[in-house]
Amino acid sequence: MDEILARKLRILADAAKYDASCSSSGAPKRAAGKDGLGSTTGAGICHAYTPDGRCISLLKILLTNYCLFDCAYCVNRRSSNVRRAKFSVEEVVTLTVEFYKRNYIEGLFLSSGIIKSPDHTMELLTRVAKSLRRDHGFRGYIHLKSIPEASPWLIEEAGLYADRLSINLELPTEASLERLAPEKDGASIQGAMAQIGSRIAEAKAEHRRFSPAGQSTQVIVGADATSDEALIRKSAHLYGSFGLKRVYYSAFSPIPDGSTILPLKAPPLQREHRLYQADWLLRYYDFTPDDVAEATEDGMFALDVDPKLAWALKNRHRFPVDVNRADREMLLRVPGLGARAVDKIVRARRHTSLRLDDVARLSSGLKRARPFLIAADHRPTGLTDRLDLRARLAEPAQQLSLF
Amino acid sequence: MTAQAPRHAPSPAPRRGPALARTGEADRAGSGPESPAPGPESPPLRTVLLGPGADLPGFRAAVRGLVAAGVAPEGVAFASGAAPGLFAPAPAPAEGAAVPLPRAVADLIAMVVPHRDPERYALLYGLIWRILKGERQLLEVGSDPLVHRLGLMRRAIQRDLHKMHAFLRFRRVPEAAGTERFVAWFEPEHHILEAAAPFFVERFRALRWTILTPEGSAIWDGEAVRFGPPGRREAVPPGDGFEAGWRDYYESTFNPARTNLRAMRAEMPKKYWHNMPETAAIPALIRAAGTRTAQMIEREPQMPTKRQPVRAVAAMADQDPASLDALNALIRRSEPLVPGATQAVLGEGPVGATVAFVGEQPGDQEDRQGRPFVGPAGQLLSRAMAEAGLARDRAYLTNAVKHFKFEERGKRRIHQKPTAGEVSHYRWWLDRELDFVGPKLVVALGATAVLALTGKAVPITRARGPFRFERFDNRFQGFITVHPSYLLRLPDEAKAEAYAAFVDDLRRVEALAQDLAS
């Protein structure tokens, strides 16, 4: 690999790293054809982890970080002084194929600054995906960041080659968008999401291929004053209206050459973690947005207890729950019991009466679940009424603020 | 019979499926004394000697023999990989019948056999025994200590497989005559080489590759995997032309403001690091992280040093096709959504036409000639238009879908109706096209055109006649009639009447057009 290409790679990987998503999951299982390269496993694979604890699954780069937009939160906005570079379509294809052959990556996550026009940029992104699929028989994972300002027919074409399309919402409210991202427009973002959503649904029904791993988005946390509750309600809306696969929450991170209208301090990473936990409650634990809102104080999640525990502490009258009798919905509400543990409990109790040490073998969260559970040999004695319960179950505050 | 030599031949034993229900391979296992049933007081302990590593066929054969002889788990000990002669040679057991087990149990056995734990065979035999003695649903009871332990072992294997698929790194070795081979060294925790290989076959089928481990090697030449003797780390070249670039990527994608070493080590334990070239960058990244973050926060925001690209920003919004010709150029460049068509068939007629006709999609003739409504249905439309007094050359004619979709039957290309999804895919273009032409009246010919113009399915027979296409906010009036190809498909006795009704419709269209034009 020559030094010019290496230099571009350093600049354009650095410029892409603020996108939280790196997932390679959700694509239908595929194997390489006779002369082709690549496969997808369904669940995705993390090929390495960087010291920030995040996984490298895809080659996550920008086609270019030249950009005509001026979004305050973005390191690549036109008014920033970062170093700029631009890959050719062929260079991105070569890097993807050669990295893939060495088993470094699952595929490509390609995004770009806007150059010339949104349409021009979108065409370049699609050309990369098309060349990988057509010229190299590439069956690995391709995630394209779509450009909502591009003409709709270009998004239609991108979906033919990509496994996943995403459009970043970035800012959860129209007002923040106007203040921090003057060229962006909430209506066109939601319009493009709706377009992708309905095309994915149609293609699925007609057994055609269009972004088979669905669409996702990202919102930045802590760059504006939006509360956790408002973020979660927004996500619930996105999941419901556009059939999104994932909403990523990215704690606003200080960037080199930051803009003056941004807050100086990053939000605690723990806040981002709590949002993911709440998001999980929506998607896998049958919580409604109202339930999740109950777990907040003035719209914000506590940093020292997780949202499910916070909800349980506010709803103590609904506990303890009998692990041998309660229905699945209620078991899912027990702090410490994950969805898989609940499934195992429901299966096992058909054949035996569960004692506390049985539960310990079915779930790794027994310590937290214990005050909320009745088992064959265990009944918490008024433990749910104890005032110090929260303090006993809270996590030490310094977690995740590492240095 | 004694211990097996390492088996290098590709194992015919399936990794999945009801492995124990298969027959054959019984000769591979050895088993202990021939005494049929252990006495009640001091049961003589049988010792079953299995091959090294993951000896699924051997275990399967042993289980058959033991079950047939009614040997309880307490009466048997399993040993594996030992050199011959350590145990008293024993005659091979009488071959037992296949043992019927639930599918999930067979899967669990195949997964756990590669585990490094010497107790694995005894634990599995304990499980099999209990299931055969009546606990058919035992696997459902995840709280049972044995099921729990085997579950943990299965998880360990899954994790080991996953990490091998994730962390193995190939290096390129040029071979004779311009070919190349990719070689890797990996140290799995369990005996999983054979189980891990299919993943690499599916992914790198077109490459030639070799995976070396301390226990054995796997070689792919494009046809089949050969499993061979243990490899040596030194057999892998010391570097690869893309490794520096990969390390650059690894360094650049790390965000120092989010350093979280515990999370990294939990997923990528240190024992893997020495075979992953990128991890050499970790110490320096960690050392510099604090300073880099502090610098980012402390640095005052700076004025942009370059001039603001005002004109480029203004020009950026100007990307929409500016004319029908520009739009048509885009459509012509596009590829068919369903492959096969020769070319995109564009609309035809004057910009500013009072009436626009929208059909379904080009047919065989249209696809060859690149013009709309030139096939049999198009000719019928021309005839009907002439009878109704509509001049074809003053109307605009186009299709909802721009490419021919067909099924090949012999030499004939049989038209296939576009799906709803395909119609919406092409709808953006139809909308822009009508914007540029600016008709006062749009005639939808048939259901597909109606679908394109309304966005929903509308029954033609009931909606036939004047119609409001709400999507277009009264920019033009609408009219619905049948597609001329429908007339061609009717039986002869019905044709005349239907054709007359079609011409009647076109007369109403002509009358409406006269009103609108004045």
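A residue is called buried if 20 or more other C-beta atoms lie within 10 Å of its own, exposed if 12 or fewer, and partly exposed in between, with C-beta atoms placed from the backbone. The model on screen is predicted: local features need pLDDT of at least 70, side-chain atom pairs count only at pLDDT 80 or more, and totals for chains, interfaces and linings use all residues. Residues are numbered from 1 along each chain as its sequence is written, and chains are lettered from A and ligands numbered from 1 in the order in which they are written.

**Stop 1: two loops of chain A**

Select Asn103(A), in the loop between α2 (89–101) and β4 (107–111) of chain A. Helices (H or I, at least four residues) and strands (E, at least two) are DSSP runs, numbered from the N terminus. Asn103(A) counts as buried because 21 other C-beta atoms lie within 10 Å. Its phi is positive, about 65°, although Asn103(A) is not a glycine. Most residues other than glycine have a negative phi, and most peptide bonds are trans.

Next select Asp286(A), in the loop between α8 (269–284) and α9 (289–294) of chain A. Here too phi is positive, near 60°, in a residue other than glycine. Asp286(A) has 14 other C-beta atoms within 10 Å, so it is partly exposed.

**Stop 2: a cis peptide bond**

Go to Pro320(A), in the loop between α10 (307–314) and β9 (321–322) of chain A. The peptide bond that leads from Phe319(A) to Pro320(A) is cis, with omega near 0°.

**Stop 3: a buried glycine**

Gly336(A) sits in the loop between α11 (328–331) and α12 (339–348) of chain A. It counts as buried because it has 22 C-beta neighbours inside 10 Å. Show its contacts (C-beta atoms, placed from the backbone, within 7 Å). Leaving out residues up to four places away in sequence, Gly336(A) touches Ser363(A), Gly365(A), Leu366(A), Lys367(A), Arg368(A) and Ala369(A).

**Stop 4: the sheet of chain A**

Colour the strands of the open six-stranded sheet, whose order is β3-β4-β5-β6-β7-β8 (chain A), with parallel pairing. Two strands pair if DSSP finds at least two bridges between them. At the edges stand β3 (58–62) and β8 (246–251) of chain A; each has a single partner strand, so one side of each has no neighbour in the sheet. Within the sheet, β6 (residues 164–166) and β7 (residues 215–221) of chain A run parallel and are joined by two bridges. Select Ser166(A) to find its bridge partner in β7(A), Ser216(A).

**Stop 5: a helix of chain B**

Move to helix α4 (residues 145–167) of chain B, which has 23 residues. From first C-alpha to last, α4(B) reaches 32 Å, close to the 33 Å expected at 1.5 Å a residue (the expected span is 1.5 Å times one less than the number of residues). Its buried residues include Val147(B), Leu150(B), Met153(B) and Ile157(B). Among what covers the buried residues are α2 (103–112), α3 (120–132) and α5 (193–203) of chain B.

**Stop 6: where the chains meet**

Show both chains: 67 residues of chain B are in contact with 74 residues of chain A. Elements giving two or more residues to chain B's side include α4, α5 and α13 (420–437) of chain B. By class, that side has 35 nonpolar, 22 polar and 10 charged residues. Ala, Val, Leu, Ile, Met, Phe, Trp, Tyr, Cys and Pro count as nonpolar, Asp, Glu, Lys and Arg as charged, and the others, Gly among them, as polar.

Notes. Two residues are in contact if their C-beta atoms, placed from the backbone, lie within 7 Å.
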